[in-house]
Amino acid sequence: MRTLPVLTIPLDKLPSLIRTVCGIALFLVAVPPALAAETLTTEEARIRLLPGDLPAAGYFTLRNTGDTDLILVGAQSPAFGNVEMHRSVDRDGVASMQPVEQLELAAGEQIAFAPQGYHLMLMQRARPLAVGEEVEITLLFEDARRLTVTFQTVSPASL
Amino acid sequence: MGKWVVPVLVSLWLTGCGEQEWQTKDISGLMPPLEFTLTDEKGNTVDAERFRGKSTLLYFGFTHCPDVCPTTLARLGTAIRQLDDEIREDTEVLFVSVDPARDDPETLKEYTDAFGSQFVGLTGDKEALDALTRRYRVTYGYGDKDDNGNYDVSHSSAVFAFNGQGEARLLIRDSDPMEAVVADLERLADDA
C-alpha cells in the first residue's frame, strides 16, 4: 500500500495574504458553531407526544446570552418530515393556531415555547416514537446559525 | 388606615363564604342541561342520558391539535387524579371532536385513552355538532388547508361542567388554579 506524499509548508513561510485568507476561512468554518454554543442556551426541551402520527408539540426555553440580536426562522428534525413554528391564541374563549414565520430574540432576552403559546408543531413522524426517547431538533436562525437541541419525549398527559 | 379596609373585607368574605362558592365560573341557570346525540368511540350513536349519574366535563376540540387540546385535557386529568377513587369513577370527560373529517372513532379512542380512562371521545356530523355548539353558545371553524392538507380548527377553550343530573354548573378555564378545579369537581360530585 502506498501513501500519497503530503506537501507541508510551515505557516510562517506562507505569503501573508494567503495566511490572512486561510485565517478568515478557518474563522468562518470554526467559529459560528462555537458562538452558537456559547451564546444560545435552551432549557426544558421536550416533545409532548400524541398517539399514532398525530402532530406533537415541541416546547423549550431559548435564551440569547450573546450581544447580538437574533431571529429564529424555523426548525427541522430528522425525526419529523415537517416542523412548523406556531402560536396558540385565545380570543374571547375561542382557541386557534397561527403560523409563526419568524421570532426575534434580542440580546440578553429569552423566549418560552410553552403550552398555550409558542410551540413547534411536529408533523409526519419519520419513525414511531415512544415516551422517554431523545430526539434532536435543530433551530434555524436568519444569520444561518443553527442550534441542535436534544428534546425528551413526554406523555400526552404531562403538563 | 384606609389601606387595610379592602384586604380585611376580602379575607372576611373569603373565610365567611368560601365554602359555599364555586371557585371556577358558576353558570348555573345560564346554560341548558346537557343534551346531545353523537357518535361514540365504537361508532355507536349515544345521547347525553347515557352519562346521567356522573359529573360530566364537556370540551370541544380536535385530535390534530398539538398544543391547546392536550394541555387542557392534561390539566383535567391532573385534577381528576387528585379526586378520591369514588368521585373519580363518577367523573367523565367528554371530548367532542369538531373535526369529524379526520377524527374517526378509532382515532378518537386512541387519543382519549392516552389521557386516562375517564376520557371519552365523541363526534358527529355537522348537524349534530352545530346543535350542540349552538346550545352552549360556542363556535368552531376550519382554517385553509396547507400544501400537506393540514388545517387548523378553531374551537372553544373552556370546559363546561354538568352535575349528575346533567344540569350546567361550571365553566372551567385553563387559567383556573388546579386547587380550584379539584375543589369544584369534589363539590360537583355531591351536587343535586
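Student: Which residue in β10(A) is the bridge partner of Arg46(A)?

Tutor: This is a predicted model. In it, Arg46(A) has Gln152(A) as its bridge partner in β10(A).

Student: How many bridges join β9(A) to β10(A), and do the two strands run parallel or antiparallel?

Tutor: Seven bridges join β9 (residues 134–141) of chain A to β10(A), and the two strands run antiparallel. Within this pairing, Leu139(A) has Leu147(A) as its bridge partner in β10(A). The two strands form a hairpin with four residues between them, and Ala144(A), in the turn, has a positive phi of about 75°.

Student: Which strand of chain B is joined to β5(A)?

Tutor: Strand β8 of chain B (residues 153–156) is joined to β5(A) by two bridges, and the two run antiparallel. In this pairing Val94(A) stands opposite Ser156(B).

Student: Why does Pro70(B) count as buried?

Tutor: A residue is buried if 20 or more other C-beta atoms lie within 10 Å of its own. Pro70(B) counts as buried because it has 28 C-beta neighbours inside 10 Å. This residue is found in helix α2 of chain B (residues 68–81). Leaving aside residues up to four places away in sequence, Pro70(B) touches Arg48(A), Leu50(A) and Pro156(A). The C-alpha atoms of Pro70(B) and Phe115(B) are separated by 8.4 Å, although these residues are 45 apart along the chain.

Student: What describes two packed helices?

Tutor: Two packed helices are described by the angle between their axes and the distance between those axes. In this structure, α2(B) and helix α6 of chain B (residues 178–190) pack at an angle of about 60°, with their axes 9 Å apart. The angle therefore makes α2(B) oblique to α6(B). The crossing of α2(B) and α6(B) is right-handed.

Student: Which residues make the contact between α2(B) and α6(B)?

Tutor: From α2(B) come Thr78(B), Ala79(B) and Ile80(B), and from α6(B) come Met178(B), Val181(B), Val182(B) and Leu185(B). These residues divide into six nonpolar, one polar and no charged.

Definitions and conventions: Residues numbered from 1 in each chain as written. Chains lettered and ligands numbered in written order. Predicted model: local features only at pLDDT ≥ 70, side-chain atom pairs only at ≥ 80, totals over all residues. Pairing = 2+ DSSP bridges. Buried ≥ 20, exposed ≤ 12 C-beta atoms within 10 Å, placed from the backbone. Contact = placed C-beta atoms within 7 Å. Axes fitted to C-alpha atoms, helices over the stretch in contact; angles between N-to-C directions. Parallel < 35°, antiparallel > 145°, perpendicular 65-115°, else oblique. Left-handed = near helix turned anticlockwise from the far one by under 90°. Nonpolar A, V, L, I, M, F, W, Y, C, P; charged D, E, K, R; others polar.
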